[in-house]
Amino acid sequence: PIFSMIGGILKVEPKSRIKLLYANRNSKSIIFKEKIENWLIQYPNQIEVVFFLTEEANIENSVKGRLTKESLAEFLPKFRDESFEIYL
């Protein structure tokens with residue numbers, strides 16, 4: 001459901017911005033990777049993606065490791081002055 005929500009928001013709410021933090025084992029295991037890449041091209045000012053990869057490093061837009069409470073806390077201060085929602 002989250003990918004349907006993202007697609008709908010991108011199409012219908014042009015002022016909304018999405019930051020997707022997406023955890024996978026490696027770049028080959030990313031589900032919907034092609035769809036995400038298309039969104040990045042089609043909506044470059046609305047969506048940003050950071051991949052958390054446990055088995056791979058040095059991939060563009062990625063962090064080596066798991067998405068943890070600590071890593072999530074690093075991203076939250078960037079939204080201090082904005083209204084935002086988090087979906088898990």
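How many salt bridges does a search of the whole structure find? The search finds 1 salt bridge. The views below come from a predicted model.

**View 1. The salt bridge joins Glu48 and Lys19.** Their side chains meet at 3.0 Å, N to O. Glu48 belongs to strand S2 (residues 47–53) and Lys19 to strand S1 (residues 18–24), so the contact ties together parts that are 29 residues apart in sequence. Glu48 is partly exposed, at 39% relative accessibility. Lys19 is also partly exposed, at 24%.

**View 2. Three strands make an open sheet.** The order is S1-S2-S3, and the pairing is parallel. S1 and strand S3 (62–64) are the edge strands; each has a single partner strand, so one side of each lacks a neighbour in the sheet. From one strand to the next, the twist averages 20 degrees.

**View 3. S1 and S2 are joined by 7 bridges.** The two strands run parallel. Ala23 has its bridge partner in S2: Phe52. S2 is mostly covered, with 6 of its 7 residues buried. Glu48, at 39% relative accessibility, counts as partly exposed.

**View 4. S2 and S3 pair over 3 bridges.** The sense is again parallel. Opposite Leu53 stands Lys64, a residue of S3.

**View 5. Ile18 is a buried residue of strand S1.** Why does Ile18 count as buried? The relative accessible area of Ile18 is 15%, and buried means under 20%. Leaving aside neighbours within four places in sequence, Ile18 is in contact with Ile6, Ile9, Leu10, Gln46, Ile47 and Glu48. Ile47 and Glu48 fall within strand S2 (residues 47–53). Glu37 is a separate reference point: Ile18 and Glu37 are 19 residues apart in sequence and 14 Å apart in space, C-alpha to C-alpha.

**View 6. Phe32 has a positive phi.** The value is near 65 degrees, in a residue other than glycine. Most residues other than glycine have a negative phi. Where does Phe32 lie? Phe32 sits in the loop between S1 and H2. At 41% relative accessibility, Phe32 is partly exposed. Phe32 and Gln46 are 14 residues apart in sequence. In space they are 18 Å apart, C-alpha to C-alpha. Gln46 is also one of the contacts of Ile18.

**View 7. A nonpolar patch lies on the surface.** Which residues form the patch? Leu76, Phe84, Ile86 and Leu88 do. Together they have about 460 Å² of accessible area. Leu88 lies in the segment after helix H3 (69–75).

Methods. Residues numbered from 1 in each chain as written. Predicted model: local features only at pLDDT ≥ 70, side-chain atom pairs only at ≥ 80, totals over all residues. Heavy atoms only, no water. Salt bridge = Lys/Arg side-chain N within 4 Å of Asp/Glu carboxyl O. Helix = DSSP H or I, 4+ residues; strand = E, 2+ residues; numbered from the N terminus. Buried < 20%, exposed > 50% of the residue type's maximum accessible area, 1.4 Å probe, protein only. Patch = residues over 30% accessible without salt bridge, like charges linked within 9 Å, V, L, I, M, F, W, Y side chains within 5 Å. Areas by Shrake-Rupley, 256 points an atom, 1.4 Å probe, with all protein chains shown as cover. Pairing = 2+ DSSP bridges. Axes fitted to C-alpha atoms, helices over the stretch in contact; angles between N-to-C directions. Contact = heavy atoms within 4.5 Å.
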